[in-house]
Amino acid sequence: MSRFWSGFVKDLDPYVPGEQPKLANLTKLNTNENPYGPSPKVIEAIRMAASDRLRLYPDPTSTELRQAIGDFYQIDTDCVFVGNGSDEVLGHVFNALFRHEAPILFPEISYSFYPVYCQLYQISYNTVPLSDTFAINVDDYSNVNGGIIFPNPNAPTGCLLALADIERLLQRNTDSVVVIDEAYIDFGGESAVSLVKTYPNLLIVQTMSKSRSLAGMRIGYAIGQPDLIEALIRVKDSFNSYPVDSLASAAGIAAMKDKAYFNETCQAVIDERNKVVAGLQELGFDVLPSAANFVFASHKQVDAAKIAAGLRKEGIIVRHFTKPRIDQFLRISIGTAGENQQLLSVLDTLV
Ligand SMILES: Cc1ncc(COP(=O)(O)O)c(C=O)c1O
């Protein structure tokens with residue numbers, strides 16, 4: 001705190017990201033990174049881009065990167081917006097599309113950055129309870145609103161909503177923007193990008209941090225009709241004209257083009273997830289159905305905070321939220337086969 005701070009800054013309650021520990025040899029299952037490295041073609045593209053050309057600014061419109069994303073989804077380049085990680089893209093979305101009279105709506109258990117953006121941009125919001133089984137029920141989002149946002153699959157639950165439910169929501173909610181945050185969609189869900197051409201108020205936000213193993217590169221994107229994209233560009237160009245640097249751009253283009261590596265690593269994460277779920281269930285955990293690269297599990301007898309502390313002692317970190325209704329759950333990212341085995345054998349000694 002300093003007397004130089006504005007009153008607004010004093011009152012901010014910023015997002016706290018998952019720990020990035022400095023200690024070596026930790027098994028890091030706490031921030032939903034991909035256990036496999038990026039495609040070798042991505043590493044090669046970064047090497048090629050690490051040249052004298054770095055003295056130049058990158059393309060402010062990131063046209064080639066947007067084209068590569070558009071080609072992957074078979075959608076026009078002018079339907080694609082890119083930014084420095086999807087957190088930045090989401091920030092622009094809140095600023096550009098959610099600052100209206102009516103409160104926006106999102107699930108009570110959801111990505112904990114959403115209320116932080118609301119505070120930053122002074123947007124009022126109402127949270128909507130999940131069902132008894134932690135599912136999002138789109139029929140609960142029928143109030144007048146300034147926008148709707150939720151992750152699909154939801155975070156931190158991992159629960160997936162079917163495309164038909166999203167379409168039902170869009171058919172009913174036509175007067176505000178509906179944002180689907182698909183950070184984890186590639187691990188078993190069906191993207192709603194296919195609905196973008198039909199619904200002018202639909203915006204999809206995705207990231208290369210998870211399924212494309214590029215959390216360190218910070219590349220996020222949004223897909224929607226050009227009118228929505230234009231709003232994001234207006235905010236971006238009032239904030240930072242060059243959010244995606246030359247190396248990130250080269251990496252992102254190569255990542256979108258290497259479909260074989262993408263499919264192979266996503267499938268490997270899904271196969272490992274199935275093994276982790278079975279192993280946890282055998283140890284007496286209840287595991288919510290997950291379509292993400294993490295699982296959300298609570299033990300029938302042993303306290304979640306105790307388990308997290310016990311794992312940490314053995315060099316394994318997972319995420320524990322102290323929020324009501326989920327304080328007995330642990331969010332566990334899917335690791336490599338070796339890491340997952342280590343997790344299960346340490347858990348065996350703790351529960
Ligand atoms: C639901 C959700 N959306 C967005 C993000 C942000 O991803 P990034 O900023 O790395 O693109 C995360 C990160 O964990 C997330 O869980």
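Me: What separates Asp165 and Arg168 in helix α6?

Reply: The two residues are three residues apart in helix α6, so about one helical turn lies between them. Helices (H or I, at least four residues) and strands (E, at least two) are DSSP runs, numbered from the N terminus. The model is predicted: local features need pLDDT of at least 70, side-chain atom pairs count only at pLDDT 80 or more, and totals for chains, interfaces and linings use all residues. Residues are numbered from 1 along each chain as its sequence is written, and side-chain values use heavy atoms, with hydrogens and water left out.

Me: Which residue forms a salt bridge with Asp165?

Reply: Side chains of opposite charge can pair when their charged atoms come close. A salt bridge is a side-chain nitrogen of Lys or Arg within 4 Å of a carboxyl oxygen of Asp or Glu. Here Asp165 pairs with Arg168, and their closest N and O atoms are 2.9 Å apart.

Me: Where do Arg168 and Asp139 lie?

Reply: Arg168 belongs to helix α6 (residues 163-172), whereas Asp139 is in the loop between β4 (125-128) and β5 (148-151), so their pairing ties together parts that are 29 residues apart in sequence. The salt bridge between Arg168 and Asp139 has its closest N and O atoms 3.1 Å apart. Asp139, Asp165, Arg168 and Arg172 are linked in a network of salt bridges.

Me: How is the accessibility of Asp139 to be classed?

Reply: Buried means under 20% relative accessible area, exposed over 50%, and partly exposed in between (1.4 Å probe, protein chains only). Asp139, at 31% relative accessibility, counts as partly exposed. Arg168 is partly exposed with a relative accessible area of 27%, and Asp165 is partly exposed at 23%.

Me: How many salt bridges does a search of the whole structure find?

Reply: The search finds twelve. One of the salt bridges joins Glu108 and Arg325, whose closest N and O atoms are 3.3 Å apart. This pair links distant parts of the chain, 217 residues apart: Glu108 is in the loop between β3 (104-107) and α5 (114-121), and Arg325 in the loop between β11 (316-317) and β12 (330-333). Glu108 is partly exposed at 32% relative accessibility, and Arg325 is partly exposed at 34%.

Me: At what angle do the axes of helix α3 and helix α8 cross?

Reply: Axes are lines fitted to C-alpha atoms, for helices over the stretch in contact, and angles run from 0 to 180 degrees between N-to-C directions. The axes of α3 (residues 63-73) and α8 (residues 246-257) cross at roughly 15° and come within 9 Å. Helix α3 is therefore roughly parallel to α8, a term for angles under 35 degrees.

How values were computed:
Parallel < 35°, antiparallel > 145°, perpendicular 65-115°, else oblique.
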